[in-house]
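Please open the model in your viewer and keep the sequence panel beside it. The tour below goes from one selection to the next and says what is found at each stop.

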Amino acid sequence: MSELESLNLGKRGELDISCVVNGPIQTNTYFACSAGEAVVIDPAWDGEKLARDFAEAHPDVRVRAIVCTHGHADHVGGVAGMRRVLGGSVPFLISKRDAAFFPGAIAGMKRMWGFEFEMPPAPDRLLSEGDTVEFGDVVLQVFETPGHTPGGIVLFCAAKTGDIAFVGDSLFPGAHGRTDLEGGDEAEMIRSLGKMAHLLPDDTLCLIGHNETTTIGREKEANPFMQRGMRHFA
């Protein structure tokens, strides 16, 4: 099965998404809900508050997993707190490559900006290209997008309610995530943007790690970095 075919398994289920902006760098934490279950994506800061507020607002929804798109402190800093509230049976998932990367990245962010982040627990599951995360009646499909960090991933969902991609800091409107931080690689980032343009439908709503959303079609037309990457797949 090709990469493109693996992301084209047919639309399945309905997805409802809420976003909480939190932490000192204004990170978007997403709560993806489907059929009474949820996955939390990129809890940034006060994980205990995030978990309690979500439970109060959604008392009948069970959190199935905590998934991080990459290992920077502003995307994993709330994992430990969430686990204290949700319990150790709720697994923490991150890419195999960033599982080894995030302890140093958290220390580096503390040195650079002076922020105190709590170290996450050891991951319960390591994600790689082609893996899936299932909850409710939807499937998140994993593909690797290194560049911002060595193990950045995108989580794509082909739901009946619309194509969605949780892209972390791999993509910003008209730009991409920083590559001058530890583990960053500009050439890898450009290739990853080309891969996203190649694999994801144009109507895919990209839910980004910070600030506003975009679509793949919009970025293919206006993002010079993605356009450079697309030439790798011409």
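Helices, of at least four residues, and strands, of at least two, are DSSP runs numbered from the N terminus. With that in hand, and bearing in mind that this is a predicted model, begin by selecting aspartate 42, which is found in the loop between S3 and H2. Its phi is near 65°, a positive value in a residue other than glycine, and aspartate 42 is buried, with a relative accessible area of 2%. Most residues other than glycine have a negative phi.

Next, select alanine 35, in the loop between S2 and S3. Alanine 35 also has a positive phi, of about 50°, although it is not a glycine, but here the residue is exposed, with a relative accessible area of 61%.

**Aromatic pairs**

Now display the aromatic rings, among which the count comes to 4 pairs. Select phenylalanine 31 and phenylalanine 54: their ring centres are 4.6 Å apart and their planes lie at 10°, and because planes under 30 degrees apart count as stacked, this pair is stacked. Since phenylalanine 31 lies in strand S2 (residues 27–34) and phenylalanine 54 in helix H2 (residues 47–57), the pair ties together parts that are 23 residues apart in sequence. Phenylalanine 31 is buried at a relative accessible area of 2%, and phenylalanine 54 counts as buried at 6%.

Move on to tryptophan 45 and phenylalanine 117, which form an edge-to-face aromatic pair, 5.1 Å centre to centre with 85° between the planes. Tryptophan 45 lies in the loop between strand S3 (37–41) and H2, and phenylalanine 117 in the loop between helix H5 (96–113) and strand S6 (125–127), so this pair ties together parts that are 72 residues apart in sequence. Tryptophan 45 is partly exposed, with a relative accessible area of 36%, whereas phenylalanine 117 is buried at 11%.

**The nonpolar cores**

Which residues have the most contacts inside the largest nonpolar core? Select Met82 and Ile94, which hold that place in a core of 22 residues. The elements that give two or more residues to this core include S2, S3, H2, strand S4 (62–67) and strand S5 (92–95), while H5 gives the most, with 4 residues. Around isoleucine 94, leaving aside residues up to four places away in sequence, the residues touched include Cys68, Val76, Phe102, Pro123 and Leu127. A second, separate core has 21 residues, including Ile41, Val67, Cys157 and Ala159.

Then colour helix H4 (79–86), in which Val79, Ala80, Gly81, Met82 and Arg83 are buried. The elements covering the buried residues of H4 include S2, S3, H2, S4, H3 and S5. Just after H4, stop at glycine 87, which takes a positive phi of about 100°.

**The largest pocket**

For the last stop, select Ile25, His72, Asp74, Met109, Trp113, His148, Asp169, Phe172, Gly177, Arg178, Leu181 and His210, which line the largest pocket. This pocket has a volume of about 160 Å³, and the residues of its lining divide into 5 nonpolar, 4 polar and 3 charged.

How values were computed. Residues numbered from 1 in each chain as written. Predicted model: local features only at pLDDT ≥ 70, side-chain atom pairs only at ≥ 80, totals over all residues. Heavy atoms only, no water. 1 Å grid on protein atoms, 1.4 Å probe; cavity = no way out; pocket = protein on both sides within 12 Å on 5 of 7 lines; lining within 4 Å. Points joined across faces, edges and corners; volume = space filled by probe spheres on them. Nonpolar A, V, L, I, M, F, W, Y, C, P; charged D, E, K, R; others polar. Phe/Tyr/Trp six-rings, centres within 6.5 Å; stacked < 30°, edge-to-face > 60°. Buried < 20%, exposed > 50% of the residue type's maximum accessible area, 1.4 Å probe, protein only. Core = buried A, V, L, I, M, F, W, Y, C linked by side-chain atoms within 4.5 Å. Contact = heavy atoms within 4.5 Å.
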